[in-house]
Amino acid sequence: MEQDFGSSINTFTYGRSDRMRRQHINDRTCLAGSTSDATANNASAADEGTVSNGSSEVYRTLDEIKESGTINIGVFSDKNPFGYVDENGEYQGYDIYFANRLGEDLGVDVNFVSTEAANRIEYLQTGKVDIILANFTVTDERAEEVDFALPYMNVALGVVSPDSKVIESLDDWDSNDQMIVISGTTAETYMIDNYPDIPLQKYDSYATAKNALENGSGAAWVNDNTEVIAYALQNTGYTVGIPSLGSNDTIAPAVSKGNTSLLDWINDEIKTLGEEQFFHADYEATLVDTYGSDYEESLVVEGGVTE
């Protein structure tokens with residue numbers, strides 16, 4: 001069972017220690033070394049950049065990020081195999097592989113900032129991170145608050161449940177059962193809009209949602225189908241009875257609303273990476289052990305182009 005690192009880990013910094021910080025926005029806790037012997041140290045957060053459209057949103061432009069030598073990227077710390085902290089206290093996963101390449105090509109170090117699903121928009125709007133790379137599904141509602149770059153993965157929703165009572169349809173739901181969801185996800189929104197009579201158990205992190213399923217607190221768990229498929233493959237006794245629910249969507253990086261210099265650079269980068277089939281290499285390095293090769297073509301998006 002996966003350990004919930006989200007409550008104890010806020011940021012990991014890889015690379016230079018001589019960050020250029022001009023204005024303090026908030027304090028973060030940095031964890032160095034392994035999770036077992038780490039000590040908390042105060043580290044300054046992102047520089048305050050341009051204020052977007054007269055609002056309270058702050059962000060750093062591309063030039064400011066380059067000048068600082070560090071880019072702050074919001075990722076999950078408990079969502080294996082997409083973004084998680086391993087036994088050595090290091091970030092790993094599909095999104096992490098991509099984030100490291102962004103830092104390399106931008107010529108800066110990457111500071112990973114652990115986020116929960118419900119905090120992704122807030123972290124961008126407050127300047128805590130420059131980019132969100134945390135399985136962020138593109139929706140019209142979210143696009144009103146953040147700017148999405150080109151997509152790099154396809155996704156839909158799925159439902160996983162115990163083998164003892166496999167859920168294959170939501171239309172005949174037992175009124176005594178509850179559905180597990182994670183707050184701030186498209187799964188939560190979909191269930192509220194389309195199945196308002198199904199009672200929801202809401203959790204803040206992936207680790208706590210998984211624990212609830214394993215403890216029998218809920219009858220099933222609805223989330224990105226990539227996540228529930230991975231869970232069923234990694235844990236015996238569970239079946240994805242509904243592999244695709246709702247519409248087919250995409251996952252993309254997000255930046256603060258109005259941060260066009262960073263957004264344009266990311267879009268150009270995704271197009272360039274597509275020429276070398278980067279996201280196929282990412283899949284094969286981080287996801288193939290979980291999904292095998294069968295899902296590669298249906299999940300991977302190269303160059304930001306979807307069919």
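**Questions about this structure**

User: Where is the place of N135?

Analyst: You will find N135 in the loop that runs between strand 11 (131-132) and helix 4. One thing to keep in mind from the start is that this model is predicted.

User: Why does N135 count as buried?

Analyst: Its relative accessibility is 2%, and buried means under 20%. The value falls under that cut-off, so N135 counts as buried.

User: Where is Q277 found, and is Q277 buried or partly exposed?

Analyst: Look in the loop between helix 8 (260-275) and helix 9 (278-286). The relative accessibility of Q277 is 40%. Buried would need under 20% and exposed over 50%, so Q277, in between, is partly exposed.

User: Why is N119 called partly exposed?

Analyst: N119 has a relative accessible area of 21%.

User: What makes the peptide bond from N80 to P81 cis?

Analyst: The omega of that bond is near 15 degrees, and the bond is cis. P81 belongs to the loop between strand 7 (78-79) and strand 8 (83-85). P81 is also one of the residues that Y94 touches, and others include F82, Y152, M153 and F279.

User: Which residues touch the most other members of the largest nonpolar core?

Analyst: Y94 is among them, along with F98, I131, L133, V160, W221 and F279, in a core of 67 residues. Another core, of 17 residues, lies apart from it and includes I167, A187, Y190 and A220.

User: Which residues of helix 5 are buried, and what covers them?

Analyst: T186, A187, E188, Y190 and M191 are the buried residues of helix 5. Their cover includes helix 4, strand 13 (153-162), strand 14 (179-182), strand 15 (200-203), strand 16 (220-224) and strand 17.

User: What does helix 5 supply to the lining of the largest pocket?

Analyst: Helix 5 gives the largest share, 6 residues. The pocket holds about 400 Å³ of space. Of its 23 lining residues, T139, R142, T185, T186 and T189 are the closest to the centre. By type, the lining divides into 8 nonpolar, 8 polar and 7 charged residues.

User: How do you know that the largest cavity is called a cavity and not a pocket?

Analyst: A cavity is a space where a 1.4 Å probe fits but cannot get out, whereas a pocket is open. The structure holds 1 cavity of 30 Å³ or more, and the largest cavity has a volume of about 50 Å³. N135 is one of the residues lining the largest cavity, together with others including K79, R120, T137 and R142.

User: How is the lining of the largest cavity divided?

Analyst: It has 1 nonpolar, 5 polar and 4 charged residues. Y206, one of the lining residues, is of a kind that counts as nonpolar.

How values were computed
Residues are numbered from 1 along each chain as its sequence is written. This is a predicted model: local features need pLDDT of at least 70, side-chain atom pairs count only at pLDDT 80 or more; totals for chains, interfaces and linings use all residues. Side-chain values use heavy atoms; hydrogens and water are left out. On a 1 Å grid over the protein atoms alone, a cavity is a set of points where a 1.4 Å probe fits but cannot get out, and a pocket is an open set with protein on both sides within 12 Å along at least five of seven lines; lining residues have an atom within 4 Å of a point. Grid points are joined across faces, edges and corners, and a volume is the space filled by probe spheres set on the points. Helices (H or I, at least four residues) and strands (E, at least two) are DSSP runs, numbered from the N terminus. A nonpolar core is a set of buried Ala, Val, Leu, Ile, Met, Phe, Trp, Tyr and Cys residues joined through side-chain atoms within 4.5 Å. Buried means under 20% relative accessible area, exposed over 50%, partly exposed in between (1.4 Å probe, protein chains only). Contact means heavy atoms within 4.5 Å. Lists of a residue's contacts leave out its neighbours within four places in sequence.
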